[in-house]
Amino acid sequence: MHEISNQEFARFQDFILKEAGITLSATKKALVSGRLDKRLRHFKLANYSDYLRLLDSGQEPAERQHAVDLLTTNETYFFREASHFALLTERAQRARERGQALRVWSAACSSGEEPYSIAMVLADVLGESGWEVLGSDICTKVLARARVGHYPESRATQLPDALRRRYCLKGQGPQAGTMLVDRSLRQRVQFEQINLNKPLPALAPFDLIFLRNVMIYFNTETKRQVVARLAKQLKPDGLLLIGHSETLNDISDTLKPLRPSVYRKD
């Protein structure tokens, strides 16, 4: 494996901060070299400085996105943090009683477990119509996996059995130990590449936005900018759900705490 110098690592820290708003700590040096070493071998480059020059040269325009994909951490599972899905169920039931539609955005959705979990709840409560789910991520590789909807069963230990039976197909034979989200549900979830660290595309307003376990990678100023962008995408009374280890203290005046990890737009 190619060794990475402190100076080269610092340049990759700057690269991913500018591209994705992610702050890489000094402890991530081995992660960077481990994930990018194969790109050096692919291009037959002698060192990471040569790879950085390639990224900056524009000779391989798709390579910048490839580097972002490799440096973005993606780890998730179905029905992560059950209290948020209980709250989603409450909101869906209220929407049904009022005859209202519900739009939910899973921002930084990784490989799709979160938006499919959201879709299962909405389909269970609201039926076949009256709801929309958008899943987005900066990483094109995980979005490709999300659209397929094929997962190891180990990702679904928190998935309620009734929803698993209704919305997932159990793998047989060579696919044993895996599950596939049913086509009818997959077709209801839209996936789009969105960089939260850049101006957002035109989107209709949402009732709930999930942005969980992501801001731990952002510095304070990036958090403020990202939350400000997302707050503009929320309807009045809309909710932003973040990870239980995260907070918006001193980050936003627009969103008010409703309960731990849940913020409401007035």
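Me: Is Phe12 buried or exposed?
Reply: Phe12 counts as buried, because its relative accessibility is 0%. Buried means under 20% relative accessible area, exposed over 50%, and partly exposed in between, using a 1.4 Å probe and protein chains only. Keep in mind that this is a predicted model, where local features need pLDDT of at least 70, side-chain atom pairs count only at pLDDT 80 or more, and totals for chains, interfaces and linings use all residues. Residues are numbered from 1 along each chain as its sequence is written, and side-chain values use heavy atoms, with hydrogens and water left out.

Me: OK. How many aromatic pairs are there?
Reply: Searching the whole structure turns up eight aromatic pairs. In Phe12 and Tyr48 you have an edge-to-face pair, 6.1 Å centre to centre with 90° between the planes. Rings of Phe, Tyr and Trp (its six-membered ring) pair if their centres lie within 6.5 Å; planes under 30 degrees apart count as stacked, over 60 as edge-to-face and the rest as tilted.

Me: What does the pair of Phe12 and Tyr48 tie together?
Reply: Phe12 is in helix 1 (residues 6-20) and Tyr48 is in helix 3 (residues 48-57), so the pair ties together parts that are 36 residues apart in sequence. Helices (H or I, at least four residues) and strands (E, at least two) are DSSP runs, numbered from the N terminus. Tyr48 counts as buried, at 0% relative accessibility.

Me: What about Trp105 and Phe206, how are those rings arranged?
Reply: Trp105 and Phe206 make a tilted pair, 5.4 Å centre to centre and 35° between the planes. Trp105 sits in strand 1 (residues 102-106) and Phe206 in strand 7 (residues 206-211), 101 residues apart, and the pair links these distant parts of the chain. Trp105 is buried at 0% relative accessible area, and Phe206 is buried at 1%.

Me: What sits over the ring of Phe206?
Reply: That's the charged end of Arg103, 4.3 Å from the ring centre. A charge sits over a ring if NZ of Lys or CZ of Arg is within 6 Å of the ring centre and within 35 degrees of the ring normal.

Me: Switching topic: what order do the strands take in the open sheet of three?
Reply: The order is 3-5-4, with antiparallel pairing. Strand 3 (150-152) and strand 4 (168-170) are the edge strands, each pairing on one side only. Two strands pair if DSSP finds at least two bridges between them.

Me: And how many bridges join strand 4 and strand 5?
Reply: Three bridges, in the antiparallel sense. Lys170 stands opposite Met179 in strand 5.
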